[in-house]
Amino acid sequence: MGDVRCPMCSTPNPEGQGTCKVCGARLTPLTSDIAAANLESIHPGDQPTRKSTAELEHALPDWLQDLRKKPETGELQNPSPTAAPAAPQPSLSASETDEDFLSRLESESGKDDVPSIQPESTDWLAGLSDAKGGDEDIPDWLLGVKQSVDEEAQAAKLAASQPASDNVDWFQRLQEDQKAAKGGEASQWPGFYNEPPGFGKTGQEEPLISKTDSAEWFMSAPEGKAPEIADTSPPTGVTDWLKRRKVLENQPGGVPPSSEPSDSAGAPIPDWLAFTQPATPEVESPAPAASGGLPDWLSDFKADQPAAEIPPAVPASSEGLPDWLRSAQPEQPAAAAIPTPQPSQAEPDWLSGFAGSQAAADTPLTAEPASDGLPNWLAATEAGIVAAGLSVPDEKKTAELPSVLQGRSGPAPAPVSQNFDLPVGTLSSDDDLPDWLSELPGAPGPVAPAKKPTAPLPPVPAAGEQPPAEKGETPNWLVGAAATAATAKAASVFTDQPMAGDDAFAMEMPDWLSGVTPAETATAAAQIPGEPASGAAESLSPSELPAWVQAMRPVESVIAETTGEMEDEQFVESQGPLAGFQNVLPFVPGLIAIRRPAAYSSKLQVNTGQQNNAALLEGLLSSESDAAKVKHRSRLHYNKFLRWMIALVLIILVAIPIVLGSTLTPVNALYPPELLAAHEVITGLPSTPNVLVVFDYEPAFSGEMATSSAPVLAQLMEKGATITAVSSLPTGSVQANLLLATYLSSFNYLGGDSFINLGYIPGGAAGIYNFATNPSGTIPVDVEGEQVWSDPRSFLADTSQLSDFDAMVILVDGSETAQVWIEQSRLPLGATPLLMVISAQSEPMILPYYDSKQVQGMVTGLFGGAYYEQITGRPATARLFWDAFAVAFFVAEVIIVVGGVWALIAAWQSRLARKEEEA
Amino acid sequence: MQPVDIILGLISCILTIMVLSYLVGDNPLFRIAVYIFVGVSAGYVGAVALYQVILPKVIMPLVDSPLENLPVLLVPILLSLLLLMKMFPRISWLGSASMAFMVGVSAAVAIAGALIGTIIPQFIAAIAPFGLEDSTGIGSIVENFAEGTIMLLGTVTTLAYFHFGVKSSASGTGSTNPVMRILGLIGQFFIAVTFGVLFTGAYAAVVSALIGRLYFIWSYILSFF
């Protein structure tokens, strides 16, 4: 297909397209750079590789690594939170001169523990030769410088005998260049001339940091000659030229003013660097305020270096200065006439610093950070330039200029006064200042807005605010430039048209210089310091981040889209204890009601119930330690002896009447009404009634049932009743035969024609219901298998239903069976009387049926039998059992009474004992 | 006395004594007597079921008139055979239909009989004394009314005694209704009287059984003399 999917939005794009048509992200990853850095290419969906900042330190340019080193009392802030902790940057005291600062830088660079690929140095051009290609080509001016550096290094090797403190000794090379100009040595371009971040051509996306890692071409250069003056301090990351300045300052008399600047070794320095000769002690100045496009290395220097007192500007010769610096040469008169520098919107921060310092013409620089982006070393050199009154002929300046700037030398442009914060007159004359310095923009022209550095920069004074500075603390070479810029006509370094005589920049200006237009600079100047430039001046876009940054960038992030917005929304707190901090939540008065906290009583609010519970708990806890008394527990014995004795007494007493056959116990005449009713019913039956007798009692109760039912059946038999026996129990038919054979044997019903034993009714309650509704169908034959219902000889031939019987007598020992018979047969019986002979144990449950007139008569137990025998006048077995029965009840009554009394006495005694125990 | 009677009597006496030996505790004689009783009862019941149910009601009709009786007896025979499957755990589910039929019929008969034979008649009988329909005079009226009142009081108080509802209070401890508490006390009296009557009846039945057994033994002994 050939479509390429966007790594950000996954939108298919035609092959060959550089950016996504939807989101604008870069389609082609920077794999070459990643590969060069030995980093794994990032694929969509990959999880970002967490790296510590120390690991990424090596990916930073050398010059950036060096600049990130913090001093001991440094004011320089860590430029990037992801970067390795910056090396301590030396802080400059007010009285510390440049040489002191330089020496201290050298000493502290040796303490730097930050690993870096390159030794601690500020050889910003060392890495130029090591650049393996990149997103942008190395400018020719840098290449020329590189070549000059190489030549210089080779010469230095031959001449130098002392070890180099650091590899980056560009200033030494500068001086050597001057020597070369005289003696054929090549010059070296100051490292600050590298493309600072943020500056680029208009509309072009420039990488934030040059991939070429400009310091590399510095680093690749052979080590320059060490300063001749012995320096006991350990090497730092400061250039040797700064060391020389420092040495010169330490010399008695300071830097000897000479018409021709020369280094400590006596070698003449280029005219354009003649102002670097230190003349006044450096003034300690804190790190410069955050300015828009000021590179970190420049801002760091500005923080480290003391704000040198800017002497009256001595305009240096503008012939040897770059145009952009030449224009910055201050004009002579009146420092008071210098208008307050207004940093333009498009003005880079490092240049805006120049404008700010220019406004404070007479105000010496103090320890406060300079508002401009001018490094202190640059400001200090300005003072040197002024003091030295250096002036280098143009041709020498031109010859000393590296090839980068050679084409750009020309008539110095009008210095930009308000872009410098140096006091007026502090800059040297045009003859003394290098061209590049004299051409520094002094007019409040539009300056291209600088890319805001990632590291928080020191605060900058507001627009128009003159930074405090102490006289003599700013470099001499820059003082003059500031003074010149204050009075010079406004001229912008960044102009659309090439400046007159700006041959050095004609061929190829740095992006940060060449890409700025007047419109952009005006926009930048109008911006409030500290805020990033808006509009199209944003030179960097997320899609062209350097490879080492892009390697750290998560694939899923949308930093590029939100960075600008976040930057626009950031603001600096201006009041309160958090003044100067960024991204502070705004204070809204009244949002938080500040009041005294409510006072709460520490007294517990408890009620009576809680107090009682607490007291109870306390009592329980206190009783835990007390040993509980073991109560004497009487064992519950199984009193077999008592049971035996009762059984023995009862058996003996019951057996005596039986054995003796006594009938001494009279039967009382208080007959129960149900018994009398039963007697009346039977008496009222016709002769030879057809009676259905149900034998539903167990064999265990046959003694009682037989005794109680015998007189009832005897009365029926005396009436000549025909008895039909039936039972819902399997043993019922046998019980019927046994009763008739033993207690009623005198009537000879068994085996006769007046007795039919139908046998067993199966099915329980359903069978009884079935029999009650259809007797012949339920039991068609008797126990002998004869068809009694259809046999004409049978007295059941005319009986087809239950109501055809004259009476029904149910002999039952249990209340459940009695209830079932009553429930199922009461309705089918109709008007036929229903009599029941029940056991004494079921009388309480069956008696309500008599009360409800469902049962017409009832004989209960042995005493019912005895009563019935007495009524009928036929004493039988019940009368024999009556004496024993009475004795048994009497014994039971005695035992109950004695036992009750015994229980009462025992309870009373136990109560007394309990009271004694409690007492 | 014939020898069979003597043997049977002797066995009866021995078994009676063996059962009465439970007074000293559980002993082998008592267990033997119990086992014998269970076995004999089971055998007798089986014999009765065979001779008085299966043969005359299933076998004989099929033998005498198979064509006439088979359609009628087919369903009972099938259900009976399925009920026998309850003896085998794997196929016991086959007897579920027969069990369901039996349970359903029994439940229907029991519910109908209880409703018609017990609840309604007893309910009517409970309010009959207050109807004064059978009263023949003031005396009977008073008697019936008193009888009804006592019966009603006993019924209500007995039910009140078995009321265990407690009213919750703020202190967490429950409190009962004072009226219900008094009624419960009266109900306890009626319950106690009822338990006494039940105990008396049970004691009378047991004593009667004891007297009968002792009389049988003494008669057996006297038969030898």
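Visitor: How many helices and strands does the secondary structure of chain B come to?
Guide: In this predicted model, chain B has six helices and zero strands. Along the sequence the pattern reads α-α-α-α-α-α.

Visitor: What share of chain B counts as buried?
Guide: Of its 225 residues, 20% are buried. The accessible surface of chain B is about 15,200 Å², and carbon and sulfur atoms account for 78% of that area.

Visitor: How is a pair of aromatic rings described?
Guide: Over all chains, the count here is 14 aromatic pairs. Take Tyr671(A) and Tyr867(A): 5.5 Å centre to centre, 70 degrees between the planes. Planes over 60 degrees apart count as edge-to-face, so this pair gets that label.

Visitor: Which parts of the chain does the pair link?
Guide: Distant ones, 196 residues apart. Tyr671(A) sits in the loop between α21 and α22 of chain A, Tyr867(A) in helix α29. Tyr671(A) is partly exposed at 23% relative accessible area; Tyr867(A) is buried at 8%.

Visitor: Which pair joins two chains?
Guide: Phe881(A) and Tyr215(B), edge-to-face at 4.9 Å and 75 degrees. Phe881(A) belongs to helix α30 of chain A, whereas Tyr215(B) belongs to helix α6 of chain B. Phe881(A) is buried, at 1% relative accessible area. Tyr215(B) is partly exposed, at 28%.

Visitor: Which residues form one aromatic cluster?
Guide: Tyr671(A), Phe863(A), Tyr867(A), Trp882(A), Phe885(A) and Phe889(A), together with Phe199(B) and Tyr203(B).

Visitor: Where does the charged end of Arg213(B) sit?
Guide: Over the ring of Phe216(B), 4.7 Å from the ring centre.

Definitions and conventions. Residues numbered from 1 in each chain as written. Chains lettered and ligands numbered in written order. Predicted model: local features only at pLDDT ≥ 70, side-chain atom pairs only at ≥ 80, totals over all residues. Heavy atoms only, no water. Helix = DSSP H or I, 4+ residues; strand = E, 2+ residues; numbered from the N terminus. Buried < 20%, exposed > 50% of the residue type's maximum accessible area, 1.4 Å probe, protein only. Areas by Shrake-Rupley, 256 points an atom, 1.4 Å probe, with all protein chains shown as cover. Phe/Tyr/Trp six-rings, centres within 6.5 Å; stacked < 30°, edge-to-face > 60°. Lys NZ or Arg CZ within 6 Å of the ring centre and 35° of its normal.
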